[in-house]
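Thanks for sending this one over. Here are my notes, jotted down while going through the model.

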Amino acid sequence: MFSESIRHLRKTAGKTQQQVADELKINRSTLADYERGTYEPDTDKLRLFADYFGVSLDRLISKVASKPGSSLRDEQIRVLALTTDAQNRENIEYVPVKARAGYLLGYGDTTFISTLPRFHLPYMTSGTYRAFEISGDSMPPINNGFIAIGRYVENWQELKNDKRYILVTRSDGIVFKRIHKVETTGLENQGISLELRSDNPQYEPYSIPIEEVIEAWSFHSFIGLAENYLANPLDQILEKLGAIERKLENNIL
């Protein structure tokens, strides 16, 4: 969101509110209101901030999280593309298997993210969530065609050993695994790698460098459907979730 983005951009640039306000020729109190989210700037002011920080308008008004092309380990400004509903609530975007290739190219593109199906779930804790259709049988009981919902991880240091994550990787695409962080200290091979483990013992673990990971989503919950519904699971999900939301709004539940 804009307030988070400009605060993050300003701090990354090592500037005070007064310095930025003076250079943009605006009042410091106005900038403070923008950073608190008290007021939203008009289009001209948005362009002013975008030009000043050297980012696009889309990146400026997206949630601060990941810079397209960067990895989870990069100490850079990272912009996570997301969408909101009419009440300004963050949606849970759904990435079906057929959209995986497009997601690997467009995960940082707000226009692409806005084309994905999206929904809400009641009683979610704070955070940003995304849903991914699972392919394969390596992580039972979450079977082929089930939908795993993950909570966004902003920094690799937040990753926890033996926890399940949906990882968006450069070389292996989107994978759902348990992880174990491994630190290497050899002179020619120093850094952090992730050992990816399956819950199905038929699959051998393997390792990837942390730099391969573009996004990490901590496993939160899953939606499993009867086999005869797997041909078009999202329609079934949206229908049921819509009914739940309507009941909540009407205080029926």
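Which side chain does the side chain of R130 make a polar contact with?

1. The partner is E93: the two side chains make a polar contact at 2.9 Å. By polar contact I mean a pair of N or O atoms within 3.5 Å, where within protein one must be able to donate a hydrogen and the other to accept it, and residues adjacent in sequence count only if both atoms are side-chain atoms.

2. Before going on, the ground rules. This is a predicted model, with local features needing pLDDT of at least 70 and side-chain atom pairs counting only at pLDDT 80 or more, while totals for chains, interfaces and linings use all residues. Residues are numbered from 1 along each chain as its sequence is written, and side-chain values use heavy atoms, leaving out hydrogens and water.

3. Back to R130, which sits in strand β5 (residues 129–133). Its relative accessibility is 0%, so R130 counts as buried (under 20% relative accessible area; exposed is over 50%, partly exposed in between; 1.4 Å probe, protein chains only). Setting aside residues up to four places away in sequence, R130 touches a list that includes L80, L82, E93, Y103, I149 and W217, contact being heavy atoms within 4.5 Å.

4. Now helix α2 (residues 17–24), whose buried residues are Q17, V20, A21 and L24. Down the axis of α2 these fall within an arc of 100°, so they line one face of the helix; the arc is taken from the directions from the helix axis to the C-beta atoms. Their cover includes α1 (2–12), α3 (28–36) and α4 (43–53). After α2 comes K25, with a positive phi near 60°.

5. Overall, the protein has eight helices and eleven strands, taken as DSSP runs numbered from the N terminus (helices H or I, at least four residues; strands E, at least two). Of its 253 residues, 43% count as buried. Among contacts between residues at least 6 apart in sequence, 58% join residues at least 24 apart.
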